[in-house]
Amino acid sequence: MPSGCALRFRAISIQGDFFIWPNSLTSLYLVAMAIGFQTDRVSEINPIQTRDTSPRDLICEICRNFYTLGWVSGTGGGVSIRRNDTIYMAPSGVEKEKIKPEDIFELDLAGNVTRHAKNEKLKLTECAPLFLSAFEMRNAGAVLHSHSPNVVLSTLYAKRVEGRISVLEFTELEMIKGLEGHGYHDVFTLPVVDNTAKECDLTDSLREAIAKYPKTCAVAVRNHGIYVWGKDEVKAKTQAECIDYLCEILVRMRQSGITRDQHPMGV
Ligand SMILES: [Zn+2]
């Protein structure tokens, strides 16, 4: 069942377009919405709420958004937000699009659970030590974990640098400008660590990658997904979207056989 927020945003999009579009197009659009063709559009329009909103509500909203993008399907992925000395985390192993505010855990900065989810059966996410690493090492305000197919595919092209760390390099794409400290002509280096059987066992390699690549706002995990952080949930979300875009372009370039003569990211 759609959430209250999702319904509200759909109502806004219907109302906005109704007054702008010609009647015939409006009718077509409403029919398309009725049969479920507007999922991507909801995701595009859905504005992330301001920091005045409760972190619990924000986590639910981000999970629903990411679900529509295919980033947290099958109970995968995770979202965590920090407010001062309190860290809020989505629970483990549940359908992310159905999470409710009372399902969120609260932790202190040392990683101790200070408030359990209302449902005692819910468990803290295995991503917790990874989220905490970004909060601690980068003073992040929010950390997101997605299983984006674009990122997973792109990790197959990562070049091994040393040990368990590989890299992907992106340049001369407009969306690089959405990443903190990067311009169009800069090279954005995305570290990629090898996957492990258990998510929490990624902690050491993630911390190693964060330390070795001080300009990065994300660490990808080969065959798995990505952790992205930002000073707040808006920055974390938009940077996750930019990186997903870059990864999609990389994969499409490789699939299309784009050469270095055509683009610096070609082969
Ligand atoms: Zn994961």
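**From a loop residue into the sheet**

Mentor: Thr-75 counts as partly exposed, because 14 C-beta neighbours lie inside 10 Å of it, while a buried residue would need 20 or more and an exposed one 12 or fewer. The model is a predicted one, and the values below are computed from it. Thr-75 sits in the loop between helix 4 (55-68) and strand 1. Although Thr-75 is not a glycine, its phi is positive, at about 70°. Most residues other than glycine have a negative phi. Asn-139, likewise not a glycine, has a positive phi of about 50°. Asn-139 belongs to the loop between helix 5 (128-138) and strand 5, and Asn-139 is exposed because it has 10 other C-beta atoms within 10 Å.

The protein chain has 8 helices and 10 strands. An open sheet of 10 strands runs in the order 4-3-2-1-5-10-9-8-7-6, with mixed pairing. Strand 4 (113-115) and strand 6 (159-162) are at the edges; each has a single partner strand, so one side of each lacks a neighbour in the sheet. From one strand to the next, the twist averages 30°.

Start with strands 2 and 3. Strand 2 (residues 86-89) and strand 3 (residues 105-107) run antiparallel and are joined by 3 bridges. Tyr-88 has Glu-106 of strand 3 as its bridge partner. Tyr-88 is also among the residues touched by Ile-59, beyond four places in sequence; the others are Val-79, Ile-81, Ala-90, Ile-99 and Ile-104. Ile-59 in turn belongs to the largest nonpolar core, which has 62 residues, and is one of those with the most contacts inside it, along with Cys-63, Val-143, Tyr-227 and Val-228. In soluble globular proteins, nonpolar side chains tend to be buried together. Over the protein chain, 37% of the 267 residues are buried.

Strand 6 and strand 7 pair antiparallel over 3 bridges, and Glu-162 is partnered with Ile-165 of strand 7. Their hairpin has 2 residues between the strands, and in it Gly-163 takes a positive phi near 50°. Strand 7 pairs antiparallel with strand 8 as well, over 6 bridges, with Leu-168 opposite Leu-190 of strand 8.

The loop between strand 7 and strand 8 contains Lys-177. Lys-177 is exposed because 12 other C-beta atoms lie within 10 Å, and 12 or fewer is the cut-off for that class. Beyond four places in sequence, Lys-177 touches His-182, Gly-183 and Tyr-184. Its C-alpha atom is separated by 9.7 Å from that of Phe-188, 11 residues apart along the chain.

Helix 7 (residues 203-212) lies across strand 7 (165-170), strand 8 (188-193), strand 9 (218-221) and strand 10 (225-230), at about 160° to strand 8. Helix 8 (residues 233-256) packs on the sheet too, touching strand 1 (78-83), strand 5 (142-146) and strands 7, 8, 9 and 10, and its direction makes about 140° with that of strand 10. Helix 8 has 24 residues and reaches 34 Å from first C-alpha to last, close to the 34 Å expected at 1.5 Å a residue. Its buried residues include Ala-236, Ala-240, Ile-243, Cys-247 and Leu-250. An α-helix has 3.6 residues a turn, so residues three or four places apart point the same way. Just after helix 8, Gly-257 takes a positive phi of about 70°.

Last, the confidence. The mean pLDDT of the protein chain is 86, with 81% of its residues at 70 or more. Over residues 1-46, pLDDT stays under 50, and the model has 28 contacts beyond four places in sequence for them. Where pLDDT is low, the predicted coordinates should not be read in detail.

Technical notes: Residues numbered from 1 in each chain as written. Predicted model: local features only at pLDDT ≥ 70, side-chain atom pairs only at ≥ 80, totals over all residues. Helix = DSSP H or I, 4+ residues; strand = E, 2+ residues; numbered from the N terminus. Core = buried A, V, L, I, M, F, W, Y, C linked by C-beta atoms within 7 Å. Contact = placed C-beta atoms within 7 Å. Pairing = 2+ DSSP bridges. Axes fitted to C-alpha atoms, helices over the stretch in contact; angles between N-to-C directions. Expected span 1.5 Å × (residues − 1). pLDDT = per-residue confidence, 0-100.
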